[in-house]
Every structure is written in structure tokens, then in C-alpha cells.
Amino acid sequence: MKKIEYVPKYEPKTYGPKISYKDCIGCKKCYDTCPLDVFAWDDEQKLPIVAYPDECFYCGMCELECLELAIDVEVPLHVRLYCGIFPGKVIP
Ligand code: SF4
Ligand code: SF4
């Protein structure tokens, strides 16, 4: 009997800040801004690392501070619903 290999269609989703290293210039603003120390700093490469993504509470400050637009904070759906933020719609 042929064995069917399971190939997951989607990667498990993780939330919090995602850094685009092709855009990051290592200004360190995200590292200095985050109130919860989600970021660590790589002294050798002079780049931030998302070290503790589970600590993120999705305030968005790092994304706002990054003038290179190198950070995208992924906010989970249940948090967006709780805050009344939904694509194209504001829930009263
Ligand atoms: S604020 Fe943006 S450009 Fe500056 S270190 Fe962080 S990710 Fe890189
Ligand atoms: S969204 Fe807020 S808590 Fe999360 S990493 Fe950015 S600054 Fe830190």
C-alpha cells in the first residue's frame, strides 16, 4: 500500500513583529522603543532580533518608529476583533 505523506499546506502562524532584513538599516529604534523588550540586539551584525515574540502585546510602536518600514506587526484576529479593528470595517 502506498504511503501518503502529509505535507502541511500552511506554516504554523506566529504573531508579533516581523523584521524585513533587506530593509532594516540597524538604526536600533525598534529595540529602544519596545516597552516589553521583545527585541534583542545582535552586536556583531548590528541588527535587531525578535527574541521574545510571545511577550508582544501588539502596541505597534516598533512598526511606527521604523522609518524604513522594515517591521510589520502581525496582530491576531481575536485581538483585532476585541479592539474593533477589522480590515475595511470598524466594529462599533
Ligand atoms: S527600527 Fe527598523 S530599521 Fe531600525 S533597527 Fe529596527 S527594524 Fe531596523
Ligand atoms: S508591537 Fe509593541 S510590544 Fe510588540 S514588539 Fe512592537 S513595540 Fe514591542
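Reader: Which residues does isoleucine 71 touch, not counting those up to four places away in sequence?
Author: In this predicted model, isoleucine 71 touches Pro17, Lys18, Ile19, Cys30, Cys62, Glu63 and Cys66, with residues up to four places away left out.

Reader: And which residues make up the largest nonpolar core?
Author: That core has 10 residues, and Ile71 is one of them.

Reader: How much of the chain is buried?
Author: Buried residues account for 13% of the 92 residues.

Reader: OK, ligands. What sits closest to ligand 1?
Author: Cys24, Cys27, Lys29, Cys30 and Cys66 are the closest, out of 14 residues that surround ligand 1.

Reader: Which residues come nearest to ligand 2?
Author: Cys34, Val38, Cys56, Cys59 and Cys62 do, from a shell of 14 residues.

Reader: How many charged residues are in the shell around ligand 2?
Author: There are no charged residues in the shell around ligand 2, which has 11 nonpolar and 3 polar ones.

Reader: Which helix and which strand supply at least two residues each to the shell around ligand 2?
Author: Helix 2, residues 61–65, and strand 1, residues 16–19.

Reader: How do strand 2 and strand 3 run, parallel or antiparallel?
Author: They run antiparallel, joined by 4 bridges, with strand 3 covering residues 47–50. One bridge pairs phenylalanine 39 with valine 50 in strand 3.

Reader: What lies between strand 2 and strand 3?
Author: The two strands form a hairpin with 4 residues between them. In the turn, lysine 46 has a positive phi of about 55 degrees.

Reader: Where is aspartate 42 found?
Author: Aspartate 42 is in strand 2, which spans residues 39–42. Leaving aside neighbours within four places in sequence, aspartate 42 is in contact with Leu47 and Ile49.

Reader: Why does aspartate 42 count as partly exposed?
Author: Because aspartate 42 has 13 C-beta neighbours inside 10 Å, and the partly exposed class lies between the limits of 12 or fewer for exposed and 20 or more for buried.

Reader: Which other residues have a positive phi without being glycine?
Author: Tyrosine 58 has a phi near 60 degrees, and leucine 69 has one near 55 degrees.

Reader: Where are tyrosine 58 and leucine 69?
Author: Tyrosine 58 is in the loop between strand 3 and helix 2. Leucine 69 is in the loop between helix 2 and strand 4, residues 71–74.

Reader: Why is leucine 69 counted as exposed?
Author: Because leucine 69 has 10 C-beta neighbours inside 10 Å, and 12 or fewer counts as exposed. Tyrosine 58 has 16 such neighbours, so tyrosine 58 counts as partly exposed.

Reader: Last topic. Where is confidence lowest and where is it highest?
Author: Confidence is lowest in strand 6, residues 89–90, at a mean of 58. The highest is in helix 1, residues 29–33, at 97. The chain averages a pLDDT of 85, and 78% of the residues score at least 70.

Terms used. Residues numbered from 1 in each chain as written. Chains lettered and ligands numbered in written order. Predicted model: local features only at pLDDT ≥ 70, side-chain atom pairs only at ≥ 80, totals over all residues. Near = placed C-beta within 6 Å. Nonpolar A, V, L, I, M, F, W, Y, C, P; charged D, E, K, R; others polar. Contact = placed C-beta atoms within 7 Å. Core = buried A, V, L, I, M, F, W, Y, C linked by C-beta atoms within 7 Å. Pairing = 2+ DSSP bridges. pLDDT = per-residue confidence, 0-100.
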